[in-house]
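Morning, everyone. Please have the model open on your screens. I'll walk through a few spots, one by one.

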Amino acid sequence: MRERLQRMRQATLEAVEQWAPGGLRPARSGRQLLIVPQDLRTADPSLASEIASGTLGLGGATAPIEGISPFDLRPPTADWTAALHSFEWLRDLRAAGTPFAEDFGRDLVLDWINRFRTQQAPAWSPRITARRVISWLAHAPIVIDEANETEYDEFVASLERQTRYLVAAEGATPDGLPRLVVQMAVMLATLCLSGEEKALDQRIADFEREIDRQILADGGHISRNASVLVELLLDLLPLKQCFIARDRVPPPRLVDAMRRMVPMVRRMRLGDGTLARFNGVGAGIPDALGTVLSFEESLPQPDEGIFISRYARMQRRQLVLVADVGSPPDQDLSTNAFAGCLSFEMSSGAHPVIVNCGAPNNAHNDWRLHARGTPAHSTLVLNNASSSVIQRRHQSDDWGGGPAIEGPTQVAAEVHTDDNGAIELVASHNGYVARFGAVHRRSLRLGPQGDRLEGIDQITEHARSPKPGRSMPFAIHFHVLPTARLKRGQEPSTAEITIPSGECWRLTAAGAELGIEESIHLAGISGPMRSAQIVLRRMVATGGGEIRWRLDRVKT
């Protein structure tokens, strides 16, 4: 595995050497493409065979294209349209390496240039344009290797037009990942196209300010979505190499941000190597994670405690726990945030034991609202309501976002280690105060041997309670993966989770009725899968109530 990742890293470092400055013919305007950045994302060469059979599958939908340009079709979904105009599928055709695949890719690029010379939605929306510029630059050989002089001129001129548009549109682009991707596309185009040298210093300054604002001191992203870090690194790593290829020192703040981001990605991983499923994290791609982590020279043990990004990580031996102890990001950034405050995920060795449902892929966006709710997380739910208020007015933002969420506004958390080596997280949030006058407090204590997790979930009355002493239901959810086996224990208050390694964990509850209920795991690569969960239920007065539970590894 390590050798493969090292080869991938070396390929990135050497990719730009294939296109040395001055190595390509100039356009009649005098402009030329100087270098071609590496694309680190995994390709699927089978797309070429699919196209040859007369269909084009993009964005979770498929459309017949035999004998017709995809741009003439009535698109099956908005995601299909966005994927078509982003041209990210060029990597798949280039990987196929067949004359048919390369001809198809080149023809569609030239077809797009002829059809979409004027700015129009959705083809010219900032996020689609940014991804298209990045894709065209990275896979320019598929277009220009067999292009005549006119086609080459049109290609370079279109890249210049799109770059100028992105510079003008940056201020109107939604905050967060969309805005940073737009700036990355501009930076790549500035480095890869001749004639942009005068603008380079100003664009570097703008880019550094944005990356300083969006990447926190611990390496987390302001959206609180750890998968965003992986996506950014897959573009930032080639960008850094483009500076080197142009004989420029990479901007120090870019390098420093990347050095912070990689350790943060590692902190958010469970024992199986996947990212903990908080705030929009879905299935992910193992190759992508491996690629970005291979660029870290040393691999020390991830540090513990509560980070600036407001996640807590605790580990004892092979037991790893990651918990969300933060408020949602600002409303402009919360259209993909989840109401999972104080939820946790836990793994033992190479297998998760307790998880959240996670985010669905684009082909299953009808599950997204469910995924964002607190019941889809391993935490307490009061009165069947989410701890964050999900706004019902839809805030479409061109980046696939949904309604914004609000609250909790106050989340307190501390991590302590006792003399025996046990580590404990004590946290609370006010997400239920305005509606129910109640505060959720949670304690999670990992035993020193990594074989026990003790939990206490409390509801306490807040001074601003609108109806003191009101009785209402609360439930504590513990979701498991579809690969785990879940059954009742010998006692009514117990349930047993068996993970694929054969290891068994027993959950024991006091003060609540324990049940095993259906769940849906939404972060699977192939889409939603039926799963199960343990749920502890009882009625509680806002004046106070608690449930104690523990997870023990069963000795065999």
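Contact here means heavy atoms within 4.5 Å. This is a predicted model: local features need pLDDT of at least 70, side-chain atom pairs count only at pLDDT 80 or more, and totals for chains, interfaces and linings use all residues. Residues are numbered from 1 along each chain as its sequence is written, and side-chain values use heavy atoms, with hydrogens and water left out.

Start with Ser386. Which residues does Ser386 touch? Leaving aside residues up to four places away in sequence, they are Ala339, Gly373, Thr374, Pro375, Tyr432 and Arg435. Ser386 sits in the loop between S8 and strand S9 (389–390). Strands and helices are DSSP runs, numbered from the N terminus: E, at least two residues, for strands; H or I, at least four, for helices. Is Ser386 buried or exposed? Its relative accessible area is 16%, so Ser386 is buried (under 20%; over 50% is exposed, and partly exposed lies in between, with a 1.4 Å probe and protein chains only).

Now S8 itself. It belongs to an open sheet of four strands, ordered S8-S15-S20-S19, with antiparallel pairing. Two strands pair if DSSP finds at least two bridges between them. The edges are S8 (380–382) and S19 (513–521), each pairing on one side only. Neighbouring strands are turned by 30° against each other on average, direction ignored. S19 pairs with S20 (residues 529–541) over nine bridges, in the antiparallel sense. Find Ile516: it stands opposite Ile534 in S20.

On to the helices. Axes are lines fitted to C-alpha atoms, for helices over the stretch in contact, and angles run from 0 to 180 degrees between N-to-C directions. H8 (residues 149–169) and H9 (residues 177–192) have axes that come within 9 Å and cross at roughly 140°. That makes H8 oblique to H9, because oblique is what remains after under 35 degrees (roughly parallel), over 145 (roughly antiparallel) and 65 to 115 (roughly perpendicular). The H8 and H9 crossing is left-handed: the near helix is turned anticlockwise from the far one by less than a right angle, whereas clockwise would be right-handed. H8 brings Thr163, Leu166 and Val167; H9 brings Val182, Ala185, Val186 and Ala189. That contact has six nonpolar, one polar and no charged residues. Nonpolar covers Ala, Val, Leu, Ile, Met, Phe, Trp, Tyr, Cys and Pro; charged covers Asp, Glu, Lys and Arg; the others, Gly among them, are polar.

Last, H6 (residues 126–138). The axes of H6 and H8 come within 10 Å and cross at roughly 145°. This crossing is left-handed.
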